[in-house]
Amino acid sequence: MWFNKKKEAPSKRYFSEEWMVSWKNNLAESKLYRLKAKDWNASVLLRMEPPSDILQKNDAIGFFLDLQYGECHELRYAQEKDIDLTDIILAGSENTWLKLIELKKDPAIMIMKGALKLEKGSLVMLTNQKEAAKALLQTAPAYIEADLDEPFISNKIEKMSIRKEHSSFKTTTGGLDFDSFPMQLFQKSKKLGVWDPADISFEKDKEDWKKFSEEEKEIIIHLSALFMAGEEAVTLDLLPLIQTLSKEGRLEEEIYLTSFLWEEAKHTEFFARFVKSVMVTRPDFERFHKPFYKKLFYRQLPEDLNRLYSDSSPLAQLKASGTYNLIVEGTLAETGYEAYHKMLRENNLLPGLQEGIIKLKQDESRHIAFGLYLINRLLEDNPHCKESFEKHLETLLDDATNVIHEIFEPYDVVPFGLEKEWFLNFAIKQFQHRIDKLGIY
Ligand SMILES: [Fe+2]
Ligand SMILES: [Fe+2]
């Protein structure tokens with residue numbers, strides 16, 4: 001089905017000397033850790049029972065960390081003799097430590113569940129410092145899956161890796177996964193996404209336009225101004241996501257996204273053709289781009305997508321897809337197109353525009369389906385990102401609702417029977433429907 005199963009953690013790469021060096025560097029760089037651990041002055045021994053192979057090879061029982069007021073003075077393998085010297089000893093199995101490191105589980109919860117044992121030290125002190133303990137473990141390097149070379153730290157900046165060479169090819173080894181959801185979407189795109197905006201006739205649209213009142217022209221220009229810039233923005237801003245997934249070797253997802261981007265490009269072309277063919281003089285479109293629209297389309301969308309170049313962590317990917325697929329496409333565009341099409345169909349107007357919007361809506365439903373698939377995959381593999389992702393969506397949903405209010409503000413009565421209430425209800429219903437599917441909130 002949709003979701004990729006999580007691969008086994010490549011435990012052989014964990015707990016090495018390099019891993020410890022990388023952890024110590026992360027601690028030195030982490031502002032969050034410095035802040036949360038500013039009152040912590042205690043040495044810690046993280047004991048692994050039984051010690052993993054790599055620990056045994058180094059005659060170690062775990063890791064010793066000398067932590068003083070937000071700084072890590074020492075991080076090394078711990079030996080038996082360190083037990084007497086250490087203030088706090090926490091013990092857990094290899095699996096427990098991997099869960100804490102890779103899934104960023106809360107150590108306090110792991111203690112409550114009994115997976116982690118406090119062998120030495122005060123529980124009161126530890127619970128008082130639970131945020132520091134959490135931040136400490138969050139900086140421990142984690143590896144997303146076995147075939148990735150670069151370590152990643154969830155909820156932290158992770159630079160997009162640069163592919164220098166291919167170690168192997170999927171098509172010549174395991175083969176393409178034709179049953180995967182992205183490949184199924186790609187099959188659909190090759191059949192349904194091949195419509196050509198240049199084939200759509202705007203002859204009747206031109207006649208309709210001549211008959212419109214100034215108010216009627218105004219609302220069509222207004223909505224077109226929002227859709228034109230919206231389609232252009234999603235065309236311009238998708239590339240960083242494609243590159244991120246490509247760098248991760250997700251061939252099937254990249255294959256589907258080639259059609260996704262092509263379709264967005266056609267949507268941009270379609271509106272440009274409509275305006276050029278139907279509107280006699282080119283109106284001032286940008287006067288309709290109000291503050292909340294600008295916030296979302298001029299700033300938030302490019303910011304969240306282009307951030308992937310400097311931070312391609314799972315959380316950054318979730319935010320990018322949340323903004324792009326759930327808010328811009330899944331809430332605003334889908335609502336807009338539905339209302340626009342409903343209005344044109346009910347009044348039997350602008351058949352060329354109607355035809356294009358029907359095609360465009362089909363493309364968009366695949367785009368949103370891909371977004372849901374991607375978000376699901378990311379959340380399944382990184383459940384600790386859920387809370388931050390939900391907060392991100394909450395803010396954006398608020399902005400999206402404000403965009404709808406902003407659209408209707410200039411009108412006492414909206415031509416062609418458009419209603420703000422309908423718009424808002426539809427938008428919220430769409431959003432609700434998506435988050436239900438994702439099982440978030
Ligand atoms: Fe589009
Ligand atoms: Fe789209």
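This is a predicted model: local features need pLDDT of at least 70, side-chain atom pairs count only at pLDDT 80 or more; totals for chains, interfaces and linings use all residues.
Residues are numbered from 1 along each chain as its sequence is written, with chains lettered from A and ligands numbered from 1 in the order in which they are written.

Strands β2 (residues 62-68) and β3 (residues 71-78) run antiparallel and are joined by seven bridges; pairing takes at least two DSSP bridges. Strands here are DSSP E runs of at least two residues, and helices are H or I runs of at least four, numbered from the N terminus. G62 faces A78 of β3. Two residues separate the strands of this hairpin, and Y69 has a positive phi near 45°.

Turning to the helices, α10 (residues 214-237) and α12 (residues 251-278) have axes that come within 8 Å and cross at roughly 150°. The pair therefore counts as roughly antiparallel, a label for angles over 145 degrees; axes are lines fitted to C-alpha atoms over the stretch in contact, with angles from 0 to 180 degrees between N-to-C directions. On the α10 side, S224, F227, M228, E231, E232, V234 and T235 meet E264, A265, H267, T268, F271 and V275 of α12, contact meaning C-beta atoms, placed from the backbone, within 7 Å.

Methods: Angles under 35 degrees count as roughly parallel, over 145 as roughly antiparallel, 65 to 115 as roughly perpendicular and the rest as oblique. Two residues are in contact if their C-beta atoms, placed from the backbone, lie within 7 Å.
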